[in-house]
Amino acid sequence: YLHLFKELFIRLSIISFTVYSAHTNTPTRDDREKSCSMRILINYFQILFIFTIVPMRWPDQVQDASDFLSGLFSGSNANSKSKFSYECIILALGFDRSVMTYYEFTMAMSLFSPLVYFFFFALLSAILRIVTCKCRQIISQNFVEVNVLTAIVVFFYIWPSLMQDAFTIYDCIEVSDPNYEPYKSVVKNDPSIVCYQMQHYIYILITSVPILLIWGLAMPIYLFTELRRNKKDRGLNNSRVNGLFGFIYQGYRTKYYWWEFTGLIRKIVFLIVVTFISNSMVSVKCYSLFLVIAVNIYFNYRTEPFVNSRLNYLEQVSLISLCTIIFTSFYQLQFQNETSTLVFALITGLFTLFFFVLWFSYYIFYVKKSIVQVSDMIKKYSMCFARSLLTIFCIPKTVLDNEEE
């Protein structure tokens, strides 16, 4: 259970931090850039981990690291060995597994997991207000805006894992076991389900189709239409619109306020390629994924959708890093030996590290500004603690002295 609670705590912390970065009724330029840079980071790792679904030769250490980070940035990973395990919940509740298989329970949880997340954060927010003696704020507009924003952040955060879980029912593998005759393929995640038989079609209708229709299609369309309607009626600079939908469009130029939804399209195309192109044609999968990222690089370069060159450059670096990693996989597929595998893993690690260091250097710039503001607030109570906080982040202590003057 320790592993379960550790992953749950880290995952909830990332969501909470993202909500904190995005929530403001009157965002400054730094607020917009900080929120947008968080989205770029999450999008990069989500795309990278969808690529790792492709059956490639990865060193065990790289695969373990990929599984761990995938659980943090995607909510879950149906192909990950260390994913957030619903089986722990089954065992903890004493659930009779003869009633429902682990795969069936996982798919059911995937369908309702967004509602579980929404309810949890709403309850947590209400408890915090009660504890801090702010009960009246529970029915305030700010409380509603924070919870709506949290729901949107959660949706974008777990959306790739929801779609991935929905597509697992279509991921069939061929078998040569005579016990399966005359059947030739079974569902990879649950070999008890024989593909293209009545039971398989029933599972598709009761598990995959609802997830794809509700969370994959209806919810993005609803968010887009609501954002578009509010843009026309109130404008994107309206404080209420910022409080509710700021996470989606902050950091983008006004005419590209919808650009975040192109990220969803990119991820769903990746999942379609990974799932429906046969594993016997891995090279075709990689060429297709390479083409998708190349098209994204072209349109990102031509449109420059972000508000400044800093964010456009960061997005370009993330896409070029992904493109380079996928391109390197061609050589790994060509040679398929230990040397090519290690080189492929090394290039993947180096480009990912380069992107993360660049992202961190950008993000720490905004964090330092927040630290200065916090230090200015607490210096009234403890000048020593305020100076120590500045020292930790390598910020000159003269900042406080200048403000006093």
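Helix axes are taken here as lines fitted to C-alpha atoms over the stretch in contact, and the angles between them run from 0 to 180 degrees between N-to-C directions. The model is a predicted one, in which local features need pLDDT of at least 70 and side-chain atom pairs count only at pLDDT 80 or more, while totals for chains, interfaces and linings use all residues. Residues are numbered from 1 along each chain as its sequence is written, and side-chain values use heavy atoms, with hydrogens and water left out.

The overall picture comes first. The chain holds 14 helices and three strands, where helices (H or I, at least four residues) and strands (E, at least two) are DSSP runs numbered from the N terminus. Of its 405 residues, 49% are buried, a term that stands for under 20% relative accessible area, with exposed meaning over 50% and partly exposed in between (1.4 Å probe, protein chains only). The accessible surface of the chain is about 20600 Å², and carbon and sulfur atoms supply 66% of that area; the areas come from the Shrake-Rupley method with a 1.4 Å probe, and for residues only the protein chains shown count as cover. Among contacts (heavy atoms within 4.5 Å) with a separation of 6 or more, 68% join residues 24 or more positions apart.

Packed helices are described by the angle between their axes and the distance between the axes. Helix α5 (residues 102-131) packs on helix α7 (residues 198-233) with the axes 9 Å apart and at an angle of about 25 degrees. The two are therefore roughly parallel, on a scale where angles under 35 degrees count as roughly parallel, over 145 as roughly antiparallel, 65 to 115 as roughly perpendicular and the rest as oblique. The crossing of α5 and α7 is left-handed, which is the case if the near helix is turned anticlockwise from the far one by less than a right angle, clockwise being right-handed. On the α5 side the meeting residues include Met107, Leu111, Pro114 and Phe118, and on the α7 side they include Tyr203, Pro210, Ile214 and Trp215.

Phe118 of α5 is partly exposed, at 22% relative accessibility. Leaving aside residues up to four places away in sequence, Phe118 touches Ala151, Val154, Phe155 and Trp215. Its C-alpha atom lies 9.9 Å from that of Val153, a residue 35 places away in sequence.

Phe167 is buried, with 7% relative accessibility, and it touches Leu212, Ile268, Leu271, Ile272, Thr275 and Phe276, not counting residues up to four places away in sequence. The C-alpha atoms of Phe167 and Leu271 are 7.7 Å apart, although 104 residues separate the two along the chain.

Further along α10 sits Asn300, buried at 3% relative accessibility. With residues up to four places away in sequence set aside, Asn300 has contacts that include Trp259, Phe306, Glu315 and Leu319. The loop between α10 and α11 contains Glu304, which is partly exposed with a relative accessible area of 43% and has a positive phi near 45 degrees. Asn308 belongs to the loop between α10 (282-303) and α11 (309-335) as well. A polar atom of the Asn308 side chain lies 3.2 Å from the backbone nitrogen of Arg310, and the side chain also reaches the backbone nitrogen of Leu311 at 2.9 Å.

Finally, helix α8 (residues 239-249) is mostly covered, with nine of its eleven residues buried; among them are Val241, Leu244, Phe245, Phe247 and Tyr249. At the N-terminal end, Asn238 caps α8 through a side-chain oxygen 2.9 Å from the backbone nitrogen of Arg240. After α8 comes Gly251, with a positive phi near 100 degrees.

Key
A polar contact is a pair of N or O atoms within 3.5 Å; within protein, one must be able to donate a hydrogen and the other to accept it, and residues adjacent in sequence count only if both atoms are side-chain atoms.
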